[in-house]
Amino acid sequence: MRKTNNLTLFFLFALTQIILSTIIDFGPIYFVSVYPLFLLTRQSVSSTHSNLLWAFAMGFVVDYFTHSLAGINSAAALVMALSQNKILKLAYRKGELDYQSRPGMRELGVQRFVFYVGLSLLIHHVVLVLIESFGFTHLLYNLPRLAVSLIINLLLIILIELGFFYKNRK
Amino acid sequence: MWKKTPFISALTAIMLFIILESVSFMMITNEGIFQQAKIAGLTLRLKTALSSLTLDIEQYLKLRSVNELLHTENLRLLKENERYKALFTSLDTTSVDKSLTSDFSFISAKIIANSTNKLHNFIILNKGKAHGVKRDMGVISSGGIVGIVTAVSTNYSHVISYLNLNQSVSAKIGATGVFGPMVWEGRGIDYATLKEIPIHKEFTIGDTVFTSGFSSIYPPDIPLGTVRKSSEKGGSYHEIQVKLFQDFSSLYNVSIVVNNKKEELDNLTKK
């Protein structure tokens, strides 16, 4: 049942990402990235292996169907997936960790959800930007791009979470 | 059946991450020209660093054989030098002291025991009577004099190291040619004292000190060390501290000096 749900969400998020990437074009200052929400909210503390496989699959599909460089999203998503469980454990209060539940805004609370998604998204974006420029030489140009993308994507993710997941679970 | 421990789980997760990340990077390099160039540069740098490291290790492992090769080459040059000296002396009709630039030949040897922490140090070499080694032969190396052979067996020889309170060698200061006995006084393995240098003779700190050749044991002009400091003795002599070139603590290959005219010289002095 969960696998079907995961697969449906996978395709829905991939589709959303592809559509948004095609529609939204703010030039080099911003890149849209909302698919991390799917990877970050699959299940509380799922195995790292499954996190990595889902991240790779999602990154691969996004790279294939958008105009991004092949492999760049999968590489960034993999790094995010590797650190996912550690960050989630930081976000939960001691003794509160429910391994089966979805770590959404309702379960974590707004502050901790923003902390969890924001930090994970930061890792994802930093890796993505570093792979794009392959080093720190273009840091001056990359920092505004990183900051703008991080803020807008975090807002978009919060909106999606509020609009589709937070409400339904009430 | 092995139990899946957290360690194994973490290890497999890391391996999976590396594999998937490698696939991603392969895709990146296949498509992105900029990334391709960057990765190629990075790979080249890594390769260079790695090959430089392996080369360093290889060279380090070969050091002993290279050292032996250098020693052999040094010995060959010493012999050649002696041949030229002999030839030069025979051509130079104005030379007065022909005996001292005469034939010296050398026997290569390795040190198998060496002491440096006593006041009377000794060395044992892996060459003996069977190789032509005799008592009272000098022993030198590329860093200067080493000692004098005192006892010989068929395959080994015992050498009184220069690091010995009784040992003295006739030495001269290169710039002026003024000579005197250079004695080890037990104040450290790096220093010796050049004595009886007349007070009116001038020299400077850093001048090189050589063997004078006024003995049948060591050939002349072997560099021994440099002048470090001096003090006056009795108002008529300089006593000079010499920093030795020879590092007795890391000695391995040496050459035994064979004076081919020693017997002739000894017979002459007996008469």
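B:Lys195 counts as partly exposed at 24% relative accessibility, where partly exposed lies between buried, under 20% relative accessible area, and exposed, over 50% (1.4 Å probe, protein chains only). The side chains of B:Lys195 and B:Glu185 meet in a salt bridge of 2.9 Å, N to O, a term for a side-chain nitrogen of Lys or Arg within 4 Å of a carboxyl oxygen of Asp or Glu. This is a predicted model, in which local features need pLDDT of at least 70 and side-chain atom pairs count only at pLDDT 80 or more, while totals for chains, interfaces and linings use all residues. Residues are numbered from 1 along each chain as its sequence is written, chains are lettered from A and ligands numbered from 1 in the order in which they are written, and side-chain values use heavy atoms, with hydrogens and water left out.

**Salt bridges**

- B:Glu185 lies in the loop between strand E7 (179-183) and strand E8 (191-198) of chain B and B:Lys195 in strand E8, so the pair ties together parts that are 10 residues apart in sequence; helices (H or I, at least four residues) and strands (E, at least two) are DSSP runs, numbered from the N terminus.
- B:Glu185, like its partner, counts as partly exposed, at 23% relative accessibility, and a network of salt bridges links B:Glu185, B:Arg187 and B:Lys195.
- B:Lys172 forms a salt bridge with B:Asp221, the closest N and O atoms being 2.7 Å apart.
- Because B:Lys172 lies in strand E6 (residues 168-173) and B:Asp221 in the loop between strand E9 (208-211) and strand E10 (223-233) of chain B, this pair ties together parts that are 49 residues apart in sequence.
- In chain A, the side chains of A:Glu161 and A:Arg102 meet in a salt bridge of 2.8 Å, N to O.
- That pair links distant parts of the chain, 59 residues apart, with A:Glu161 in helix H7 (residues 139-166) and A:Arg102 in the loop between helix H4 (72-91) and helix H5 (105-108) of chain A.
- A:Glu161 is buried, with a relative accessible area of 1%, and A:Arg102 is buried too, with a relative accessible area of 7%.
- Over all chains, the count by this rule comes to 8 salt bridges.

**The interface of chain B and chain A**

- The contact, meaning heavy atoms within 4.5 Å, takes 19 residues from chain B and 20 residues from chain A.
- About 1800 Å² is buried between the two chains, of which carbon and sulfur atoms give 77%; buried area is the accessible area (1.4 Å probe) that two parts lose on being put together, summed over both.
- In chain B, the residues that lose the most area to chain A are B:Phe17, B:Leu20 and B:Met27, together 28% of what that side buries.
- Across this interface the rule finds 0 salt bridges.
- Helix H1 (6-31) and helix H2 (33-91) of chain B are the elements that give two or more residues to the side touching chain A, and H1(B) gives the largest share, 14 residues.

**Chain B as a whole**

- Chain B has 3 helices and 12 strands, and buried residues make up 35% of its 271 residues.
- The buried residues of H1(B) include B:Phe17, B:Leu20 and B:Met27.
- B:Val257, in strand E12 (residues 253-259) of chain B, counts as buried at 2% relative accessibility.
- Leaving aside its neighbours within four places in sequence, B:Val257 is in contact with residues including B:Phe104, B:Met137, B:Ile217 and B:Pro219.
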